[in-house]
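Welcome, and please open your viewer.

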Amino acid sequence: SSGINAEWPLRPGDLLEQQSTIRPVSEAERDMLLSYIQQHFQKIEIQLKESICQAVMVLKSRFLEERRKKKTYPNSAIDILNEFFYKNIANPFPTEAEKEGLAERCQLTVTQVNNWLGNKRLQYQQTLEKSNEKIKEFSTSF
């Protein structure tokens, strides 16, 4: 931008020099016009930077929205994973071979199976804790 800024004011100066052959142009008039042009150019430069920043922020928010969208699994996969979880409720930690089998049956990756089961264990634990709290509240209310 500094290259453009340095070269651009020379053109109006040349134009003023050409006009000075037709009408008198004072040094003060020349300086005032060049200063006005430079200020106007700087305002345009600031507007351009603001527009670019705004566009970058819009793109960034769209990118983050896409990342935040909840990815859901097919119902058939959820049924298979729930079946495994509740059949193995005492120890819902599958072996590597079981994870691979579940992943294949669900058409998911092993990582997705791990994440789903980890989230399920956490939800189940939280549900148990809430139930226990309600039971305690109920039993102490008598």
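**A stop at the rings**

Select F85 to begin: this residue is buried, at a relative accessible area of 1% (buried means under 20%, exposed over 50% and partly exposed in between, with a 1.4 Å probe and protein chains only). You are looking at a predicted model, in which local features need pLDDT of at least 70 and side-chain atom pairs count only at pLDDT 80 or more, while totals for chains, interfaces and linings use all residues. Residues are numbered from 1 along each chain as its sequence is written, and side-chain values use heavy atoms, leaving out hydrogens and water.

Next, select Y124: with Y86 it forms an edge-to-face aromatic pair, 6.4 Å centre to centre and 75 degrees between the planes (ring centres of Phe, Tyr or Trp, the latter by its six-membered ring, lie within 6.5 Å; planes under 30 degrees apart are stacked, over 60 edge-to-face, the rest tilted). Show F85, Y86 and Y124 together, and you have a cluster linked by ring pairs.

**On to the lysine**

Select K120 next. Where does the charged end of K120 sit? It is over the ring of F85, 5.9 Å from the ring centre (NZ of Lys or CZ of Arg within 6 Å of the centre and within 35 degrees of the ring normal). The K120 side chain also makes a polar contact with the side chain of Y86, at 3.4 Å (N or O atoms within 3.5 Å, within protein one able to donate a hydrogen and the other to accept it; residues adjacent in sequence count only if both atoms are side-chain atoms).
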